[in-house]
Amino acid sequence: ALHVLAERGHDALLAALLAAAPLRALLNAPNATGHTALHVAALRGHALCVRALLDAGAHVELRTRPSIA
């Protein structure tokens, strides 16, 4: 869910979801291509999503993991 909201630029929904649920384990989890939600938001240029993820504690130093596919 975090990755989809970040990819599509739904900053208000992303911020609400991050505020409402304890998502620390998912916040920095990679998707199938190895990207975190922060990576996806930044790659798509969604600055408000990036800010919401950073405010929630997303790690900026994580690197993209190799694709599992």
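Tutor: Let us begin with contact, which means heavy atoms within 4.5 Å. By that rule histidine 39 touches Gly34, Leu62, Arg63 and Thr64, when residues up to four places away in sequence are not counted. This is a predicted model, in which local features need pLDDT of at least 70 and side-chain atom pairs count only at pLDDT 80 or more, while totals for chains, interfaces and linings use all residues. Residues are numbered from 1 along each chain as its sequence is written, and side-chain values use heavy atoms, with hydrogens and water left out.

Student: What makes histidine 39 count as buried or exposed?

Tutor: Buried means under 20% relative accessible area, exposed means over 50%, and partly exposed lies in between, with a 1.4 Å probe and protein chains only. Histidine 39 has 15% relative accessibility and therefore counts as buried. Threonine 36, in the loop between α3 (24-27) and α4, has a relative accessible area of 5%, so it is buried. Threonine 36 touches His3, Asn28, Ala29, Pro30 and Leu62, again leaving out residues up to four places away in sequence. Of the 69 residues of the protein, 35% count as buried.

Student: How many helices and strands does the protein have, and what makes a stretch count as one?

Tutor: Helices (H or I, at least four residues) and strands (E, at least two) are DSSP runs, numbered from the N terminus. The protein has five helices and zero strands, and histidine 39 lies in helix α4.

Student: Why are α2 and α5 called roughly parallel?

Tutor: Axes are lines fitted to C-alpha atoms, for helices over the stretch in contact, and angles run from 0 to 180 degrees between N-to-C directions. Angles under 35 degrees count as roughly parallel, over 145 as roughly antiparallel, 65 to 115 as roughly perpendicular and the rest as oblique. Helix α2 (residues 11-20) and helix α5 (residues 47-55) pack at about 10°, with their axes 9 Å apart, and α2 and α5 are therefore roughly parallel to each other. Where they meet, Asp11, Leu14, Ala15 and Leu18 in α2 touch Leu48, Cys49, Ala52 and Leu53 in α5.

Student: How do you know that the buried residues of α5 line one face?

Tutor: The buried residues of α5 are Cys49, Val50, Ala52 and Leu53. Seen down the axis of α5, they fall within an arc of 165°, so they line one face of the helix; the arc is that of the directions from the helix axis to the C-beta atoms. The face turned away from that buried side carries the exposed residues Ala47, Leu48 and Asp55.

Student: What makes glutamate 7 and arginine 44 a salt bridge?

Tutor: A salt bridge is a side-chain nitrogen of Lys or Arg within 4 Å of a carboxyl oxygen of Asp or Glu. The closest N and O atoms of glutamate 7 and arginine 44 are 2.8 Å apart, and the pair forms a salt bridge. This pair links distant parts of the chain, with glutamate 7 in helix α1 (residues 2-8) and arginine 44 in helix α4 (residues 37-44), 37 residues apart.

Student: Which partner does arginine 51 have in a salt bridge?

Tutor: Arginine 51 forms a salt bridge with aspartate 55, the closest N and O atoms being 3.2 Å apart. Both lie in helix α5, four residues apart, about one turn of the helix. Arginine 51, at 45% relative accessibility, counts as partly exposed, whereas aspartate 55, with a relative accessible area of 57%, is exposed.
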